[in-house]
Amino acid sequence: MLGQWDIDQAICVSHTSKENTVLRSGISPEKVFMVPNAVDTAMFTPSPKRLNCDEIVIVVVSRLVYRKGADLLVEVIPEVCRLFPKVHFIVGGDGPKRVRLEEMREKFSLQDRVEMLGAVPHAQVRSVLISGHIFLNSSLTEAFCIAILEAASCGLLTVSTRVGGVPEVLPDDMIVLAEPAPGDMVRAVKKAIDMLPGIDPQIMHLRMKELYSWDDVAKRTEIVYDRAMESPTTNLLDRLPRYLTCGSWAGKLFCLVMIINYLLWRLLEFLQPAVGIEEVPDIGPLHAHLGSRNDEAQEK
């Protein structure tokens, strides 16, 4: 419960994340704001040429670790390949679970149907995404999942585990959700394949531009920062007694850490005074600044 005494405002990327933060930290719900992530829709655009559905490509771009459901992929991919002969997989990413996927590919002789790319730099993620029809996310826990936004912005239909804040990210007609179990994931992939003829990547991209914007995220974040700046400050002497209530040993440890941090801060201020540092000019509220720039662009 330490957080409720030190935090003026908090930002979470989904309502699920907000609920977890409030329950685990004891922070008042009025101090926690939900500001989602966004996607650079100018960078993640669909392929100019619509892909043929004669051969369906399912894309996975993820760190190959337990939390991202790599073990789930090991069971899902062979079954999907067995049920749908025209499906191929492209797996981008690296991690300790990559060896399991390599072994799966060898065991079921899927070398010609499962392409392992290894680590993919972020600048090259779009080129991988536009090679496919469906994006598969097998995460076991996720507060938001920007990868889903990037895939949808490129026009891919998403199949994802129903975990954390994922159900909040996309409208129902842009994502097929499943429980983090092999059988349900395979069912979701089948449903997504049936939906593909009705998916228009260009329309999906335009919808993502309307739903998510980093400018909107910046404006909403600034509001939270302004509220934090307006919150009354509490000096160290007033906070120390509160730390003591955290436990007979933990309370004393928290007090000691805070005192050491305070002394280090004062020492650094003494050794490195703010001399010769140019003050950053105040440009006013961010939303006003962005608005004036938009007005100038329209006049031009």
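Helix axes are lines fitted to C-alpha atoms over the stretch in contact, and the angles between them run from 0 to 180 degrees between N-to-C directions. The coordinates to which this is applied here are those of a predicted model.

**First stop: H6 and H8.** Select residues 146-153, which form helix H6, and residues 201-211, which form helix H8. The two helices pack at an angle of about 130°, with their axes 8 Å apart. That angle makes H6 oblique to H8. To view the contact, display the side chains of Leu-149, Ala-152 and Ser-153 on H6, together with Met-204, His-205 and Met-208 on H8. By class, this contact comprises 4 nonpolar and 2 polar residues, with no charged residues.

**Second stop: H3 and H4.** Next, select helix H3, residues 70-83, and helix H4, residues 98-107. How are these two helices oriented relative to each other? Their axes come within 9 Å and cross at roughly 15°. Angles under 35 degrees count as roughly parallel, and H3 is therefore roughly parallel to H4. The crossing is right-handed. On the H3 side, the residues in contact are Ala-70, Asp-71, Leu-73, Val-74, Ile-77 and Pro-78; on the H4 side, they are Arg-100, Leu-101 and Met-104. This contact has 7 nonpolar and 2 charged residues, and no polar ones.

A search of the whole structure finds 2 aromatic pairs. For one of them, select Phe-144 and Tyr-212: the ring centres are 6.1 Å apart and the planes stand at 85°, so the pair is edge-to-face. Phe-144 is in the loop between S6 and H6, whereas Tyr-212 is in the loop between H8 and helix H9 (214-230), so the pair ties together parts that are 68 residues apart in sequence. Are these residues buried or exposed? Phe-144 is buried at 5% relative accessibility, and Tyr-212 is buried with a relative accessible area of 11%.

Move to Cys-145, in the loop between strand S6 (134-137) and helix H6. Cys-145 is not a glycine, yet its phi is positive, at about 85°. Cys-145 is also buried, with a relative accessible area of 7%. Finally, select Ser-109, in the loop between helix H4 and strand S5 (114-118). Ser-109, again a residue other than glycine, has a positive phi near 55°.

Notes. Residues numbered from 1 in each chain as written. Predicted model: local features only at pLDDT ≥ 70, side-chain atom pairs only at ≥ 80, totals over all residues. Heavy atoms only, no water. Helix = DSSP H or I, 4+ residues; strand = E, 2+ residues; numbered from the N terminus. Buried < 20%, exposed > 50% of the residue type's maximum accessible area, 1.4 Å probe, protein only. Parallel < 35°, antiparallel > 145°, perpendicular 65-115°, else oblique. Left-handed = near helix turned anticlockwise from the far one by under 90°. Contact = heavy atoms within 4.5 Å. Nonpolar A, V, L, I, M, F, W, Y, C, P; charged D, E, K, R; others polar. Phe/Tyr/Trp six-rings, centres within 6.5 Å; stacked < 30°, edge-to-face > 60°.
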